[in-house]
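Morning, everyone. I'll take you through one model, helix pair by helix pair. Have a look first.

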Amino acid sequence: EGGFGSCIRCGRAYDSVGASILTFVAQVIAGDSWGQIALPTMEKYPGTAFIFLPIFVTVNLGIMNLVLAVIVDRAQEARSMKEKAKLRSEFGSRDVFLRKMFEELDSDGSGTLTIDEI
């Protein structure tokens, strides 16, 4: 129990499998400070650094990956919407142009073009 300084839970944080799971859940999922348990444990048992550091790196890279995935997804969605808007405006202006051109060619005003009108 001693040797962990002010850390009250450090002495029993990894006493059993259940306590270890509870400790990791508290640190990873609940967001408790890694330093409250991991640092005093690594100071007393330096070999535990080979357990804590890979977990710390993996969790941080995983969270960064999730954040980056959301940013990339939103950027791709914005680009797609911008391209769709550009196509709509481009085809919309072509539609107006073609409609006016066909109306001008339709000299008798029948709404259809004959070979003589073309």
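Let's start with a side chain. T23 touches R9, A13, Y14 and I37, leaving aside residues up to four places away in sequence. Contact here means heavy atoms within 4.5 Å.

Before I go on, the ground rules. This is a predicted model, where local features need pLDDT of at least 70, side-chain atom pairs count only at pLDDT 80 or more, and totals for chains, interfaces and linings use all residues. Residues are numbered from 1 along each chain as its sequence is written, and side-chain values use heavy atoms, with hydrogens and water left out.

Back to T23. Its place is in helix 1. Helices are DSSP runs (H or I, at least four residues), numbered from the N terminus. Is T23 buried or exposed? T23 has 1% relative accessibility, so it counts as buried. The cut-offs: buried is under 20% relative accessible area, exposed is over 50%, and partly exposed is in between, with a 1.4 Å probe and protein chains only.

Now the first pair. Helix 1 spans residues 17–28 and helix 2 spans residues 34–44. Their axes come within 9 Å and cross at roughly 130°. Axes are lines fitted to C-alpha atoms, for helices over the stretch in contact, and angles run from 0 to 180 degrees between N-to-C directions. Helix 1 and helix 2 are therefore oblique to each other. On the scale used, under 35 degrees is roughly parallel, over 145 roughly antiparallel, 65 to 115 roughly perpendicular, and the rest oblique.

Who makes the contact? T23, Q27 and V28 from helix 1, with W34, I37 and A38 from helix 2. By class, that is four nonpolar, two polar and no charged residues. Nonpolar covers Ala, Val, Leu, Ile, Met, Phe, Trp, Tyr, Cys and Pro; charged covers Asp, Glu, Lys and Arg; the others, Gly among them, are polar.

Next pair. Helix 2 and helix 3 pack at about 150°, with axes 10 Å apart. That makes helix 2 roughly antiparallel to helix 3. Helix 2 brings W34, A38, T41 and M42, and helix 3 brings A49, F52, I55 and F56. The tally is seven nonpolar, one polar and no charged residues.

Last, helix 3 itself, residues 49–105, with N60 in it. N60 counts as partly exposed, because its relative accessibility is 32%. From N60 to K100 is 40 residues along the chain and 60 Å between C-alpha atoms. V57 also lies in helix 3. At 44% relative accessibility, V57 counts as partly exposed. V57 and A85 sit 28 residues apart in sequence and 42 Å apart, C-alpha to C-alpha.

Terms used
Helices (H or I, at least four residues) and strands (E, at least two) are DSSP runs, numbered from the N terminus.
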